[in-house]
Amino acid sequence: MSFSCDVNVLLYASDTSSPVHGVARGFLKEAATGGDLFCLGWPTVLSYLRIATHPRIFAAPLTPAEALANVDSLARLPHVRFLSEEPGFLEAYHEVAESFPIRGNLVPDAHLAVLLRQHGVRRLYTRDGDFRRFAFLEVRDPFA
């Protein structure tokens, strides 16, 4: 079985001021040591690097080196995979976009959802309820 997580899980794990920081860290520790394949989309990773280092979002943002070190620590694990778009991505995106209008904040969500679909990853851990719009994903809130 394989699974993925959205950027919010990675951010909560880095943000020590978050009330769900401990839960997020525990989730990532379990994901990093479990037997299932932990798949991270490059859009998620790059969003993490962008947001975790942003001084207008966090009172104590990570330095670029700290954020990249967190990504490196995940990348070194044997059952973590980073996912990129495969040939046919745009056609798959069109197919998903026919279901409902994808605009604004749904664009990056649809990007990740289609990327996961291309790689056969059905389970996504996130707090973002918008992902429930994608019927092909099994969305779970790790903080519920």
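At 37% relative accessibility, Arg 117 counts as partly exposed, a class lying between buried (under 20% relative accessible area) and exposed (over 50%), with a 1.4 Å probe and protein chains only. The model is predicted, so local features need pLDDT of at least 70 and side-chain atom pairs count only at pLDDT 80 or more, while totals for chains, interfaces and linings use all residues. Residues are numbered from 1 along each chain as its sequence is written, and side-chain values use heavy atoms, with hydrogens and water left out.

Arg 117 forms a salt bridge with Glu 95, with 2.8 Å between the closest N and O atoms; a salt bridge is taken as a side-chain nitrogen of Lys or Arg within 4 Å of a carboxyl oxygen of Asp or Glu. Arg 117 belongs to helix H6 (residues 106–118) and Glu 95 to helix H5 (residues 89–97), so the pair ties together parts that are 22 residues apart in sequence. Helices (H or I, at least four residues) and strands (E, at least two) are DSSP runs, numbered from the N terminus. Glu 95 is also partly exposed, at 44% relative accessibility.

In total, the structure holds four salt bridges. Another of them joins Asp 141 to Arg 127, where the closest N and O atoms are 3.9 Å apart. This pair links distant parts of the chain, 14 residues apart: Asp 141 lies in the segment after strand E5 (138–140), and Arg 127 in the loop between strand E4 (123–125) and E5. Both count as partly exposed, Asp 141 with a relative accessible area of 27% and Arg 127 at 38%. A salt bridge with an N to O distance of 2.5 Å is found between the side chains of Arg 140 and Glu 138. Arg 140 is partly exposed at 34% relative accessibility, as is Glu 138 at 25%. Together with Arg 123, these two residues are linked in a network of salt bridges.

The strands E3-E2-E1-E4-E5, in that order, make up an open sheet of five with parallel pairing, where two strands pair if DSSP finds at least two bridges between them. Strand E3 (80–83) and E5 are the edge strands, each pairing on one side only. From one strand to the next, the twist averages 30 degrees. E4 and E5 run parallel and are joined by three bridges; Leu 124 has Val 139 in E5 as its bridge partner. Helix H3 lies across E1, E2 and E3 and runs at about 65 degrees to E2. Axes are lines fitted to C-alpha atoms, for helices over the stretch in contact, and angles run from 0 to 180 degrees between N-to-C directions.

Helix H1 (residues 7–14) is mostly covered, with six of its eight residues buried: Val 7, Asn 8, Val 9, Leu 10, Leu 11 and Ala 13. These pack against strand E1 (2–5), helix H2 (21–33), strand E2 (37–41), helix H3 (42–52), helix H4 (64–75) and E4, contact being heavy atoms within 4.5 Å.

The largest nonpolar core has 26 residues, of which Cys 5, Phe 27, Phe 38, Leu 40 and Tyr 48 touch the most other members. Such a core is a set of buried Ala, Val, Leu, Ile, Met, Phe, Trp, Tyr and Cys residues joined through side-chain atoms within 4.5 Å. E1, H1, H2, E2, H3 and H4 each supply at least two residues of this core, and the largest share, five residues, comes from H1. Apart from it lies another core, of 22 residues, including Val 96, Leu 106, Leu 112 and Leu 124.
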